[in-house]
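Have a look at the picture, then read on.

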Amino acid sequence: MLLHLARKSLGNRLLTSLLTALSIGFSVALLVGVENVRTGMRESFSNTISGTDLIVGSRGGSIQLLLYSVFGMGTPVANIPYDTWKAYDEHPAVSWTIPYALGDSHRGFRVIGTNESFYEHYRYRGGQSIELAEGRPAEGVFEVVLGAHVATELGYGLGERVAVTHGMSAVGFMNHDDLPFEVVGILESTFTPVDRAIYVTLEGISAIHIGWESGAPPMPGQGMAAEEVRALEEVPVTQITSFFLGAEQRVLTLQLQREISTNEEVPLSAVIPGVALGEMWRGIGYAEDGLRVVSGFVVLVGMLGMLVSIYTSLEARRREMAILRALGVGPKRIVALLVLEAGMLSIIGAALGIGGVYSGLAILQPWIEGQFGLYIPIGALSGIQLVFVGAVIVLGFLAGLVPAIKAYRTALHDGLSVRV
Amino acid sequence: MDEAPLLCVHARELRFAYPGGPPVLDIPELRIAVGESVFLHGPSGSGKTTLLGLIAGVLKPTPGTLEVLGHDLGALSSPARDRFRASHIGYVFQMFNLIPYLSVRDNIALPVRINAERRRRLNGGIDDAVAAAADRLGIAGLLNERVTRLSVGQQQRVAAARAILGTPELVIADEPTSALDTDRRHAFIELLFDSVREAGSTLLFVSHDMGLASEFERALSLRDLNRSGG
């Protein structure tokens, strides 16, 4: 009976009801949507690298190691001797390693010296591997492969000649202009920091530095021309910066980690990427709490709007209340009627909001992924989302109590006599 | 009085004052027999609204006693008085009797939807009873209309149909004709009489228009009844 009345009453004020439900719908959509974006962000963050069991670098903080080897930020403190890396590469418990030699840049983008193992073993976002959009991996000393973003940003194509700067400044004044590299490949977009780097061989990095051993540019006559380097049978590689490691078996990871961190000859750190990423996310993840707080307030504003709209309708409905009283409807049932109306509005609002998020995602998901590299999964509502939606509905019923109590008082006071 | 007739309303030493206000009602005795049609003349300010509120059980009668259909309303709790009103009393206001967002049909059906006892008194289903009541008051063709499209006269007939649905023992009509023009007043009162009589209900008809008094079995003046003079 009450349900019927509440439904009809809302239907009678269709436009107001619809607008109120819509405003609640928007706030619910924001609340649920922010949660989806959070999940997407966390997932794409923690999937920046996958499939790697350990990242090894010179001794230092795990987040620092993660930053310079995976995210291309900051600089390493020290290098790892080539032989030390090679020893672990051939370790019986180690399946593969990817060496990284850092420290050079080209027009603000990092130059990474690595080997064919990078193209073979590097994984991101649930095991996707590095693919070449064009060309082939760098093999020769003076060959480079560009990350997708670098290629579009700088407008380079295959065959382009590239100079490499020593050090990370965008306008290095000590350009290795005498050693021009050639672009032989361009990577597919990964939406990870991989896109923002330039890849050469380990030998390539070494070649840039021939004559720089003292830390200063080679004196005239001491350096080597590109032709001379090319003429060398083998460019010696003496050190790398860090390496990624895949164990033969997952269970060996901890044992390997202990072994590497306690290496007595070279001070090393080995971190498990998932653990370090989690640590880092906790550090920067507080920003998303801000989003939550904001969307929480938006919900409150939506609720307040509903409260006001029901409250202001009460004056016009005094007559209706008197009729219901004359028909023997108790004041408590009048309270129930108004609370029910508010509850129904918030349920409709919540449904609209959830529907909005799903249809919005269905339409925008590919675009967001293409534009921001942010993959937002479409799935069932998570526990916390259900809690939020439930809370909004409960809050809606509670908000209905405010006008309902006012109506209760009016009904008791007016009785059967309302002068219109 | 040799044989006490069955009383529908029986008030003794009934006094009422709103909290903090002067007494508005002071009635030594009021008797309305079951099945009677009573005209109560009550000009504005005579305590008419208060008396109807008391009889309908919206207001609590203290002190004094007020029995309606043998129930001492002063002894009933507020929810019990609400239930009592729902099952035993039909009420017609001066105007604006109808819930604007319900159809004519739904408006008429309200009392039996709200109260189970009144629903049980129906002979058949709700729809049949609504149709019969509408037929009785000549509004059968309006059942599916929106109430906002009805004329005032039609609205009052819908209100009357609602008041008699489920045959309540007492029908209270509070100035039901004051919004109607003179021709229609008599027609409406005729209809109300007939349907109330058919239902076997008691009718308490309140108006300030003495010209209607002659149509009733008995006419009372609230001014004479009420010692506090409103």
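## Two helices side by side

In chain A, H13(A) and H14(A) are roughly antiparallel to each other, a label used for angles over 145 degrees, while under 35 counts as roughly parallel, 65 to 115 as roughly perpendicular and the rest as oblique. Helix H13 covers residues 331–372 of chain A, helix H14 covers residues 383–414, and they pack at an angle of about 150° with their axes 7 Å apart. H13(A) passes H14(A) in a right-handed crossing (right-handed if the near helix is turned clockwise from the far one by less than a right angle, left-handed if anticlockwise). Their contact has 23 nonpolar, four polar and one charged residues.

Axes are lines fitted to C-alpha atoms, for helices over the stretch in contact, and angles run from 0 to 180 degrees between N-to-C directions. Helices (H or I, at least four residues) and strands (E, at least two) are DSSP runs, numbered from the N terminus. Ala, Val, Leu, Ile, Met, Phe, Trp, Tyr, Cys and Pro count as nonpolar, Asp, Glu, Lys and Arg as charged, and the others, Gly among them, as polar.

## About the model

This is a predicted model, where local features need pLDDT of at least 70 and side-chain atom pairs count only at pLDDT 80 or more, while totals for chains, interfaces and linings use all residues. Residues are numbered from 1 along each chain as its sequence is written, and chains are lettered from A and ligands numbered from 1 in the order in which they are written.

## Where the chains touch

Chain A puts 18 residues into the contact and chain B puts in 23 (two residues are in contact if their C-beta atoms, placed from the backbone, lie within 7 Å). On the chain A side, helix H1 (2–12) and helix H12 (318–326) are the elements giving two or more residues. H12(A) has the largest share, five residues. By class, this side of chain A has seven nonpolar, seven polar and four charged residues.

## A sheet in chain B

Chain B has an open sheet of five strands, with parallel pairing, in the order E6-E7-E8-E3-E9 (strands pair if DSSP finds at least two bridges between them). At the edges sit strand E6 (89–92) and strand E9 (218–221) of chain B, each pairing on one side only. On average, neighbouring strands are turned by 20° against each other, direction ignored.

Strand E3 (residues 37–41) of chain B pairs with E9(B) in the parallel sense over four bridges. B:His41 has B:Ser221 in E9(B) as its bridge partner.
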